[in-house]
Amino acid sequence: MNKKEQSKKNTSSLNSTNQNGQETFENADIILDEIKNLLPAKWTAHPAADNPKKSIITIIILISAGIVSAWYMNSLWWGIFAVGILFLGLSRYFIPTEYSIDMAGIRERFLGHERVSSWRSFGRAKKAGKFILLSPYEKPSILDRFRGWNIYVPDEKIANLIVSLVKMANSKN
């Protein structure tokens with residue numbers, strides 16, 4: 001059985017028909033044809049490249065913090081250390097992250113480290129601008145920021161697709 005046949009078999013139990021006669025998933029906001037056209041999807045998230053004005057301001061703040069640290073501590077090394085620590089904290093902003101999604105789940109690659117998770121491992125997906133929070137909890141929790149995935153998704157269609165895939169995976173339960 002090839003991948004397309006297996007995908008059809010896995011999703012057929014969740015299919016329903018909307019008012020226009022188009023096939024949709026229960027508890028999802030996207031029609032089946034759109035899912036088939038968009039998957040598998042890959043993109044590179046690089047917020048610094050997408051926001052050049054914010055990036056310049058951020059770099060100025062990083063360098064300023066390094067200069068102030070070096071001046072206050074009377075050592076160039078403390079300035080370099082401060083810039084390095086701040087850069088590491090902002091690495092998701094400055095260094096590109098690769099994402100890919102399919103019917104099985106999501107894959108993230110950052111600095112050679114790969115993280116993979118199925119849609120069933122997420123309880124909910126919350127959109128906030130160009131970001132999506134994939135939380136393991138169905139209800140909002142204080143641990144969302146630590147246990148969840150924050151994903152930068154510049155394309156609105158892909159963002160809606162991710163939210164629908166999480167809803168679809170949770171409707172199986």
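A polar contact is a pair of N or O atoms within 3.5 Å, where, within protein, one must be able to donate a hydrogen and the other to accept it. That cut-off applies to the close-up views of this predicted model.

Figure 1. A polar atom of the asparagine 170 side chain lies 3.3 Å from the backbone oxygen of phenylalanine 122. That distance falls within the 3.5 Å cut-off for a polar contact. Serine 121 is 49 residues away along the chain, yet its C-alpha atom is separated from that of asparagine 170 by 9.0 Å.

**Figure 2. Serine 135 is a buried residue of strand β8.** Strand β8 holds serine 135. The relative accessible area of serine 135 is 0%, so this residue counts as buried. Its side chain makes a polar contact of 2.5 Å with the side chain of aspartate 144. With neighbours within four places in sequence set aside, the contacts of serine 135 are Phe122, Gly123, Arg124, Asp144 and Gly148.

**Figure 3. The largest nonpolar core contains 25 residues.** Trp43, Ile101, Ile106, Trp119, Leu134 and Ile162 touch the most other members. Two or more residues each come from β3 (41-45), β4 (97-101), β8 (131-135), β9 (149-152) and α8 (156-171). Helix α8 gives the most, with nine residues. In soluble globular proteins, nonpolar side chains tend to be buried together.

**Figure 4. Isoleucine 101 is shown with its contacts in the chain.** Neighbours within four places in sequence are left aside here. Isoleucine 101 is then in contact with Leu39, Pro40, Ala41, Trp43, Ile106, Trp119, Ile158, Leu161 and Ile162. Among these partners, Trp43, Ile106, Trp119 and Ile162 are named with isoleucine 101 as the core residues that touch the most other members.

**Figure 5. The second largest pocket has 15 lining residues.** The volume of this pocket is about 290 Å³. Pro47, Arg92, Tyr93, Phe131 and Asn150 lie nearest the pocket centre. Helix α6 (91-94) and strands β4 and β9 each give two or more residues to the lining. By class, the lining has seven nonpolar, four polar and four charged residues.

**Figure 6. Asparagine 74 and leucine 111 each have a positive phi.** Neither residue is a glycine. Asparagine 74 has a phi of about 55 degrees. This asparagine lies in the loop between α4 (52-73) and α5 (76-89). Its relative accessibility is 70%, so asparagine 74 counts as exposed. For leucine 111, phi is about 50 degrees. Leucine 111 is in the loop between β5 (105-110) and β6 (113-118). At 61% relative accessibility, leucine 111 is exposed too.

**Figure 7. The whole chain gives context for the close-ups.** The protein chain has eight helices and nine strands. Of its 173 residues, 35% are buried. Among contacts with a separation of 6 or more, 49% join residues 24 or more positions apart.

Notes: Residues are numbered from 1 along each chain as its sequence is written. This is a predicted model: local features need pLDDT of at least 70, side-chain atom pairs count only at pLDDT 80 or more; totals for chains, interfaces and linings use all residues. Side-chain values use heavy atoms; hydrogens and water are left out. A nonpolar core is a set of buried Ala, Val, Leu, Ile, Met, Phe, Trp, Tyr and Cys residues joined through side-chain atoms within 4.5 Å. Buried means under 20% relative accessible area, exposed over 50%, partly exposed in between (1.4 Å probe, protein chains only). Helices (H or I, at least four residues) and strands (E, at least two) are DSSP runs, numbered from the N terminus. Contact means heavy atoms within 4.5 Å. On a 1 Å grid over the protein atoms alone, a cavity is a set of points where a 1.4 Å probe fits but cannot get out, and a pocket is an open set with protein on both sides within 12 Å along at least five of seven lines; lining residues have an atom within 4 Å of a point. Grid points are joined across faces, edges and corners, and a volume is the space filled by probe spheres set on the points. Ala, Val, Leu, Ile, Met, Phe, Trp, Tyr, Cys and Pro count as nonpolar, Asp, Glu, Lys and Arg as charged, and the others, Gly among them, as polar.
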